[in-house]
Amino acid sequence: MTHPAIQLPSLIAHRGYSAAAPENTLAAVRAAHQAGATWVELDVQLLGDGTPVIWHDADVSRCSNGRGSLASMSWATAKTLDAGSWFGDRFAGEKMPSLGEMLALLNELEMGVNMEIKINKGRDPIALVERALPEMLDTLPSERLIISSFNTEALTHCRQLAGKERLALGVLYNGVPKTWRAQCEAIDAFSVHPSWSRLKRAQVEAMQKDGYQVLCYTANDPSAFHSRWAWGIAGVITDEPAAFKRFLDSH
Ligand code: G3P
Ligand code: MG
């Protein structure tokens, strides 16, 4: 199938501009936009009542003033949490965004999103895809959306559910397995998203040769990463989009 005509950026702000604002919040996306990033990476999960929200962890304790797992929480409770003060006083009152709230902001700012389908331990990939994917496909143009996941079942279900609609899918890898090519072919992937630290040049070249875009995560030191651009990497997912932008603009 033909993929959407995505103008891939060199920089994708990881969980928004997560070095400057509380991760996965509207403030983090606004900060990324202000820093000149055109795309963000975010994580989507379901609350216990089926509401899709933008959140990374299985529970709320690290990034809010609350306690408890997402799986056991309702939207009525989640939306009362302070998801900003843990990062800094000036973010007090920042909220856990629902998927709908985040999509509205992305459209307002005309930003692209690499939405990671985050399947934490014990969570159901099918339920998340069924609930979140149609909302994303209905709200964002396919040119501003890449769905990625470590979870093969989630990616397979995304491809099935999208049917004839164009949808860019990316496969996330911590270490790249020998089976990467078969996995990418099976879901007609647009991109491969490996961790940059253990990545080898030959792997990037093979992915590129097979027509896949390579988007590395999470690189935060532009000078340490610099030599990798020559390998054919399309973009980097970073907590530090401003630092990367400054470095790239001057090299
Ligand atoms: O999508 C890249 C990266 O976000 C994957 O790891 O744990 O930061 O969601 P994590
Ligand atoms: Mg992520």
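Modeller: Please bear in mind that this model is predicted. In strand S4, Val113 has Val40 standing opposite.

Colleague: Which residue of S5 stands opposite Val113?

Modeller: Leu145 in S5 stands opposite Val113. Strands S4 and S5 (residues 145-149) run parallel and are joined by 4 bridges. Between S4 and S5 the chain passes through helix H4 (residues 125-139), and this β-α-β crossover is right-handed.

Colleague: How should I read the two faces of a strand?

Modeller: In a regular strand, side chains alternate between the two faces of the sheet. In S4, Gly112, Asn114 and Glu116 lie on one side, while Val113, Met115 and Ile117 lie on the other.

Colleague: Are the faces of S4 covered or uncovered?

Modeller: Both faces are covered, and 6 of the 6 residues of S4 (residues 112-117) are buried.

Colleague: Which residues surround ligand 1?

Modeller: Glu116 is one of them, and the others include His14, Asp43, His56 and Tyr217. The shell around ligand 1 divides into 3 nonpolar, 5 polar and 3 charged residues.

Colleague: Why is Pro222 called buried?

Modeller: A residue counts as buried if 20 or more other C-beta atoms lie within 10 Å of its own. Pro222 is buried because 20 other C-beta atoms lie within 10 Å. Pro222 lies in helix H8 (residues 222-225) and touches Ala243, Phe244 and Phe247, leaving aside residues up to four places away in sequence. Pro222 and Phe247 are 25 residues apart in sequence, yet 6.4 Å apart in space, C-alpha to C-alpha.

Key. Residues numbered from 1 in each chain as written. Chains lettered and ligands numbered in written order. Predicted model: local features only at pLDDT ≥ 70, side-chain atom pairs only at ≥ 80, totals over all residues. Helix = DSSP H or I, 4+ residues; strand = E, 2+ residues; numbered from the N terminus. Buried ≥ 20, exposed ≤ 12 C-beta atoms within 10 Å, placed from the backbone. Contact = placed C-beta atoms within 7 Å. Near = placed C-beta within 6 Å. Nonpolar A, V, L, I, M, F, W, Y, C, P; charged D, E, K, R; others polar. Pairing = 2+ DSSP bridges. Right-handed = clockwise from strand over helix to strand, strands pointing away.
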